[in-house]
Amino acid sequence: MRLSRLALATTKETPADAEIVSHQLMLRAGMIRRLGAGLYTWTPLGMRVLRKVEAIIRAEMAAIDALEILMPAVQPAELWEQSGRWEAMGGLMLRMTDRAERDYCFGPTHEEVVTDYVKRDVRSYKQLPLTVYQIQTKFRDEIRPRFGLMRAREFIMKDAYSFHMDTADLDTTYQAMRGAYARILETMGLDYRVVAADSGAIGGAKSEEFHVLAGSGEDELAVANTGGYAANIEAAVTQAGAGPRPAPGAALKKIETPGVSTIAGLAAHLDVAETETAKAIVVMGTEGAPVLLMLRGDHTLNTIKAEQLEGIAAPLQMADEATIRAHFGAGPGSLGPVNAKVEVIADHALTHTADMVVGANYDGAHFTGFNWGRDHPEPRFADLRNIVVGDASPDGQGTIEILRGIEVGHVFQLGDKYSRALGLTVLDESGKEVVPEMGCYGFGVSRVVAAAIEQCHDEAGIVWPAAIAPFTLVIAPIKADKSAAVREACEALYTGLKAAGVDVAYDDRGLRPGPMFADAELIGIPHRIVVSERGLASGMLEYKARQDSANDEVAHDIAAICDKIGHSRS
């Protein structure tokens with residue numbers, strides 16, 4: 001493409017409201033333009049990248065026999081009421097009413113709609129398994145949209161759904177889709193990890209996430225330094241250590257701690273390590289009474305794990321101060337298990353601890369020398385905390401490291417959650433009605449573009465992996481306005497490279513070399529050929545790969561250029 005016809009609009013200035021690299025560079029490169037909070041227009045340059053991502057996805061979907069469909073973005077409330085998600089999705093849904101006062105939403109996802117579609121068209125086990133997918137715009141009303149496309153309200157997603165007669169068949173398609181997602185990211189040239197995950201609002205049993213690794217990633221990933229264990233930190237399992245608990249070595253002693261309300265302050269006040277303390281968190285139980293959660297002082301409560309425990313209200317609700325004082329006689333910061341008249345659940349990390357520092361249930365006081373069994377009955381032990389660096393891997397192989405990642409894909413085994421709720425049945429071989437099992441598989445099409453930039457950039461701009469770059473090569477003329485030979489050579493190269501199947505851009509905008517080269521590096525074109533009178537005279541052209549610091553030369557020949565950039569001529 002001739003860049004004069006691309007409506008390319010780049011800028012040197014970094015927009016003040018762009019907080020992360022992908023947002024900054026997509027705006028500076030002219031890939032997107034902000035319309036409103038979390039709403040972006042994709043420009044012609046941005047669309048070239050987006051379409052390449054979509055082409056890779058479609059190729060992999062075809063390889064596993066997934067069929068493309070397109071479902072309505074606007075969905076009737078009745079379907080969501082049948083599944084129980086009309087209220088459960090809460091403020092994330094953009095709701096609307098038509099002229100007949102019927103309720104609708106702009107779809108944040110399509111489990112209900114696809115189940116309704118299959119319910120109408122699939123009658124027999126002979127029509128299963130069936131996998132369908134779409135690439136479509138979604139809307140989720142984020143409370144605080146930020147980070148450009150990373151946390152936008154409107155976004156483009158590939159969502160796929162599969163239907164099966166039994167769990168074994170579901171697992172076969174699940175593994176096929178999992179493999180397809182891995183190949184998509186490998187084709188894009190991105191460093192990624194697959195991690196065990198919580199199913200969240202989608203529901204279902206087994207689920208895994210695909211994360212592009214980047215220092216700016218919002219998600220923390222627990223990955224074993226040996227072996228294959230990997231999980232989102234919210235789903236990473238922790239376990240009790242081995243061996244017996246040490247015998248008590250100190251008497252229970254009450255210590256005045258005026259003004260101390262944090263673990264850090266307590267450790268400093270008593271000159272002990274935070275690992276020798278235990279923190280107390282009060283949440284509401286399913287029966288309306290509070291429950292006391294105990295964790296080691298240096299650990300962090302995992303709210304998703306906590307709300308999944310039997311007896312804990314979901315969603316997790318922290319007890320207010322009035323409730324706490326009514327049951328403990330003290331306020332937050334001085335709470336503990338001694339004489340507590342509520343259920344106590346302790347984290348696995350406290351299973352083998354002795355002589356701990358805990359709150360005394362008196363304002364401004366703590367106990368030292370606390371021991372389970374002696375000073376309070378043995379609690380219910382459970383996995384309550386976030387895993388941390390150095391923890392033993394749950395699979396017994398190595399220890400945990402924490403990486404940061406950007407979630408771009410999520411695969412779920414839904415079971416019959418939606419098919420049963422919406423009344424989907426098919427006839428089995430004996431003519432009996434059976435509720436099919438379902439799988440759900442999402443991939444963030446627009447998000448992976450931003451994630452690629454977060455992983456692949458330098459001080460000059462974007463460094464696209466070749467498979468998703470807007471162009472493979474740019475022809476950059478020097479003083480073409482003054483040299484007919486340069487203009488003719490550029491035209492011939494442009495025509496010849498296009499004929500050879502190269503996705504080539506010709507920068508015919510008449511810019512000086514500095515701005516022209518800066519734009520090419522900013523928008524991340526992997527290869528650059530410079531055409532000048534001096535080069536033409538020598539029969540050689542200046543060549544530079546985007547990631548290289550030094551220039552090179554290549555013969556003034558289409559075949560030589562194709563070989564240089566690793567392109568197989570069509």
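Which residues do ring pairs link into a cluster? They are Tyr181, Phe210 and Phe443. Rings of Phe, Tyr and Trp (its six-membered ring) pair if their centres lie within 6.5 Å.

This is a predicted model, where local features need pLDDT of at least 70 and side-chain atom pairs count only at pLDDT 80 or more, while totals for chains, interfaces and linings use all residues. Residues are numbered from 1 along each chain as its sequence is written, and side-chain values use heavy atoms, with hydrogens and water left out.

**Aromatic pairs**

The whole structure holds six aromatic pairs. The table gives two of them, each edge-to-face. Planes over 60 degrees apart count as edge-to-face, under 30 as stacked, and the rest as tilted.

| Pair | Centre to centre | Angle between planes |
|---|---|---|
| Tyrosine 181 and phenylalanine 443 | 5.3 Å | 75 degrees |
| Phenylalanine 370 and tryptophan 372 | 5.0 Å | 85 degrees |

Tyrosine 181 sits in helix α6, and phenylalanine 443 in strand β23 (residues 437–444), so their pair ties together parts 262 residues apart in sequence. Helices (H or I, at least four residues) and strands (E, at least two) are DSSP runs, numbered from the N terminus. Both tyrosine 181 and phenylalanine 443 are buried. Buried means under 20% relative accessible area, with a 1.4 Å probe and protein chains only. Phenylalanine 370 and tryptophan 372 are both buried too.

Helix α2 (residues 44–63) packs with helix α6 (residues 167–187) at an angle of about 150 degrees. Their axes are 10 Å apart. Axes are lines fitted to C-alpha atoms over the stretch in contact, and angles run from 0 to 180 degrees between N-to-C directions.

The contact residues divide into seven nonpolar, one polar and two charged.

**Cysteines**

How many disulfides are there? The count is zero. A disulfide is a pair of cysteine sulfur atoms within 2.5 Å. The sulfur of cysteine 105 has its closest cysteine sulfur 15 Å away, in cysteine 440, too far for a bond. For cysteine 562, the closest cysteine sulfur is in cysteine 490, at 16 Å, again too far for a bond. Cysteine 105 is buried, with a relative accessible area of 0%. Cysteine 562 is buried as well, also at 0%.

Key:
Ala, Val, Leu, Ile, Met, Phe, Trp, Tyr, Cys and Pro count as nonpolar, Asp, Glu, Lys and Arg as charged, and the others, Gly among them, as polar. Buried means under 20% relative accessible area, exposed over 50%, partly exposed in between (1.4 Å probe, protein chains only).
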